[in-house]
Structure formats: C-alpha cells, structure tokens
Amino acid sequence: MRRIARYDRLKALVLILLAIFFAEKLVSGRLYYYIGPRFGWLSVVAVGLFIILAGGYNPPKRAEGEHEPAEHPDHTDDHEHHDHDHGKPTLWPIGVVALPLILGVLVPARPLGASAVSVSNRGVSTDFVASAESSESTLSVVASERNVLDWVQAFAANPDPASLAGQQADVVGFVYRDIRFANDQFMVARFTITCCVADASAIGLLVQADDASQFASDSWVRVAGTFGEGQLDGEALPVLLADQITPVQPPEQPYLYP
C-alpha cells in the first residue's frame, strides 16, 4: 500500500513539474524555438491537462481501526504478498514521461542557426515557392519593410536575376557560409517554420561586401544595401550589395512563417 502511494505521489510530482516547465517556456517565449505560434494553444491545453491529472491523485486512506503494518508483522506480510500478487509498480513509465522534462532542463533552449544548416545537409535555399495568396501578400509589402522571406518569395515569383536590380533592402538574419562563397560574400539567412522545427527550412540572400569576412558565421547581422546581379556556384541570382552591415542581437522570434 505504501509503495503504491509513493509511486502515485511521484507520478503527480512529475506531472506538476511538466506543467511548470511548459508554462515557463510559454511565458518566456522560448517555446517558439520549437513550434510555430499558431500551435501555442496546444501547450496551454497541455499545462491544464497536466495539472488536472496531477490533481486526480488521491492518497489511500486507512480504514477506521486499521493499524500500522509495523504493529502487526504477520499482517504486513499478508499485505506485501497481496501487493506482489497484483504486480509491483515499476518506474520506467514515469521515466518515459519525465524524459522530455529531463532533456528540456539539461539542454538549453536555443533557436536554429548556421550549425543546424550544416547538420541538415540541405543548405540554404535562395528561392521559396509560396501559395498564390502568400505571394500576393509579399508583393504588397513595402520594399523597405520586407524581411528575408519576403525577398526570397519575390525572387521566386520572378526568377529573372535582374528582377530585383536597383531595389533597396534592409534585412536581419544570421551569417551563413560554405565552400562556395568568396571572401567578400556570405548569406544573410533565416529559418522558416510551418509547424515545428522538424519542418524548418533555411532560406537566404547572397550578400556581397568588402568587409564580409569580418562577420563570423552564425552571428546575427542587419544588412542594408541595393540589389544587383550576381552569381553563386555558377548560378545567376540577385546579390545584395551591402552599404552597411551591423552586428545585432537575435530577434525574440528568430523564425519566419510562410
């Protein structure tokens, strides 16, 4: 009986800790390092369910006149034998439930960056095929207010390398490089997410500047300049000729959403 009571208390504790963990990530905004904001309500539901399940624990009550097992050794033996017959509670189901909590505490929450591009082996895309509705929305955005995704979608809508020539841009993203880039080039990149980080895709704009090599990979920068025609790995594409590159802190929401 006592063993079962301790087991139930442990289950309730794990559920409460999970509720606190999810609530803290939701309030701090770090939850959106993993999922898109449109699914945040599911985490609110999860917090409520964890609390309800934890609150459903009712400690076993000793029947009136029942004595402590220690006072009746023979009776204790009977109860232990009775518990054995019904199967002893095991800890592995609690361990499985607690695993996300353990990993979430041990592994700090951080957004995807240039290192994630290397791990995925998918590279950074310079085009992004959007829905017709999304494309129309992008083209209606004032050029000076477009982000990396807006510009990539604009190029996808008209893949002529000269289509963006002469247009001014001011964008924020992380620095990405690989063996294809010259010393005066890098990509200012962002990750797009539809559902969660499992479907994340990196997109970027080719940047060219005399001081490009001074900016470390995976650092966040703000790039202001004018588009011209360029090439990367033998492929013609627009290049953002930077007038100014400024180091910045990562935005509170580092991902972009199609």
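Of the 258 residues in this chain, 35% count as buried, where buried means under 20% relative accessible area, exposed means over 50%, and partly exposed lies in between (1.4 Å probe, protein chains only). What you see is a predicted model, in which local features need pLDDT of at least 70 and side-chain atom pairs count only at pLDDT 80 or more, while totals for chains, interfaces and linings use all residues. Residues are numbered from 1 along each chain as its sequence is written, and side-chain values use heavy atoms, with hydrogens and water left out.

Let's begin with the overall layout. The chain has 7 helices and 5 strands; helices (H or I, at least four residues) and strands (E, at least two) are DSSP runs, numbered from the N terminus.

Now pick out helix α2, residues 40-55. This helix has 16 residues and reaches 23 Å from its first C-alpha to its last, close to the 22 Å expected at 1.5 Å a residue; the expected span is 1.5 Å times one less than the number of residues. Buried in α2 are G40, S43, A46, V47, F50 and A54. Seen down the axis of α2, its buried residues fall within an arc of 100°, so they line one face of the helix. That arc is taken from the directions from the helix axis to the C-beta atoms. On the other side of α2, you will find W41, I52, L53 and G55 exposed.

Next, look at how rings meet. Rings of Phe, Tyr and Trp (its six-membered ring) pair if their centres lie within 6.5 Å; planes under 30 degrees apart count as stacked, over 60 as edge-to-face and the rest as tilted. By this rule there are 7 aromatic pairs. The rings of W151 and F227 have their centres 4.9 Å apart and their planes at 55°, so this pair is tilted. The pair links distant parts of the chain, with W151 in helix α7 (residues 148-157) and F227 in strand β4 (residues 220-232), 76 residues apart. Both W151 and F227 are buried. F174 and F191 form a stacked pair, 5.8 Å centre to centre with 25° between the planes. Here strand β1 (residues 168-176) holds F174 and strand β2 (residues 185-192) holds F191, 17 residues apart. F174 is buried, and so is F191. Ring pairs also link F21, F22 and F50 into a cluster.

On a 1 Å grid over the protein atoms alone, a cavity is a set of points where a 1.4 Å probe fits but cannot get out, and a pocket is an open set with protein on both sides within 12 Å along at least five of seven lines; lining residues have an atom within 4 Å of a point. Grid points are joined across faces, edges and corners, and a volume is the space filled by probe spheres set on the points.

The second largest pocket holds about 210 Å³ of space. Its lining is F21, F22, K25, L31, Y34, P100, L103, G104 and V107, and α1 (2-28) and α4 (92-106) each supply at least two of the lining residues.

There are 3 cavities of 30 Å³ or more. The largest cavity has a volume of about 50 Å³ and is lined by T126, F155, L164, G204, L205, L206, L237 and P238. β3 gives the largest share of this lining, 3 residues.
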